[in-house]
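Open the model in your viewer and keep the sequence panel beside it. The stops below go from one selection to the next.

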Amino acid sequence: MKFQSNSEEETKAWAKQLVQAYFSNLSDTALVFTLQGEMGAGKTQFAKGVAEALEIKGIVSSPTYVLTREYQGELGKLVHIDCWRTPTITPEELHLDEYLQPETVTVIEWPAPLVPYLASRTDITLVMLEMGINGGVREITHL
C-alpha cells in the first residue's frame, strides 16, 4: 500500500485513517507504527494525525531531544518515540515493554534499533512505514 501526500494535513488525515482501521483491536493489543525515512518526510506530522485520531488535546511535538513523549487522549494513549539521536538504543534501555500496552498507540521515528525486537513480538499490531519525499510530494509506503 502506498499513499502520496501533498500537505501536512493530508499526512495527518492518512494517519487518522490508519488508526481508525486498527482501532477495534486497540482494547486488546498495542498498536505500533514504525516510521523510517528521510528528514522532512512527515514523520512528526503522522504522529500528530495519530494524536488527532485518539482525541488528544494540546500540542504534539517531536521528542527528538527527549526521546519519548506521552499523551493521553479521550480514545487512548499515544507514546511518541524518536531514536534519531540514539541509533543503538536497546528495547531494555528504552523500557519499551512498558509502552506496549493495550489502548496505547506507539509511534517510533527512526526505529532501526528496535525493529528486530518489535518484529518478534506476537502480542502487538506492528505497522511498518517508509516515508520519503519525491519532487515535493511525500510518499508513505506500508512495508
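Which residues of H2 are buried? Select helix H2 (43-53); its buried residues are Lys43, Thr44, Gln45, Phe46, Ala47, Gly49, Val50, Ala51 and Ala53. Buried means under 20% relative accessible area, exposed over 50%, and partly exposed in between, with a 1.4 Å probe and protein chains only. Nine of the 11 residues of H2 are buried, so this helix is largely enclosed by the rest of the structure. Helices (H or I, at least four residues) and strands (E, at least two) are DSSP runs numbered from the N terminus.

This is a predicted model, in which local features need pLDDT of at least 70 and side-chain atom pairs count only at pLDDT 80 or more, while totals for chains, interfaces and linings use all residues. Residues are numbered from 1 along each chain as its sequence is written, and side-chain values use heavy atoms, with hydrogens and water left out.

Next, show what surrounds H2. Its buried residues pack against H1, E2, strand E4 (77-82), E5 and E6, where contact means heavy atoms within 4.5 Å.

The axes of H1 and H2 come within 7 Å and cross at roughly 50°; axes are lines fitted to C-alpha atoms, for helices over the stretch in contact, and angles run from 0 to 180 degrees between N-to-C directions. On the H1 side, the residues that meet H2 are Glu8, Thr11, Lys12, Trp14, Ala15, Lys16, Leu18 and Val19. Their partners in H2 are Gln45, Phe46, Lys48, Gly49, Val50, Glu52 and Ala53.

Now colour the largest nonpolar core, which has 26 residues. A nonpolar core is a set of buried Ala, Val, Leu, Ile, Met, Phe, Trp, Tyr and Cys residues joined through side-chain atoms within 4.5 Å. Phe33, Phe46, Val50, Leu78 and Leu129 have the most contacts inside this core. H2 gives the largest share, five residues.

Centre on Leu129. Leaving aside neighbours within four places in sequence, Leu129 is in contact with residues including Trp14, Leu18, Phe33, Phe46 and Ile140. A second, separate core of 14 residues includes Ala30, Ile89, Ile108 and Leu114.

Finally, go to Glu55, in the loop between H2 and strand E3 (68-72). Just after H2, Glu55 takes a positive phi of about 55°. At 36% relative accessibility, Glu55 counts as partly exposed. Leaving aside neighbours within four places in sequence, Glu55 is in contact with Gly73, Glu74 and Leu75.
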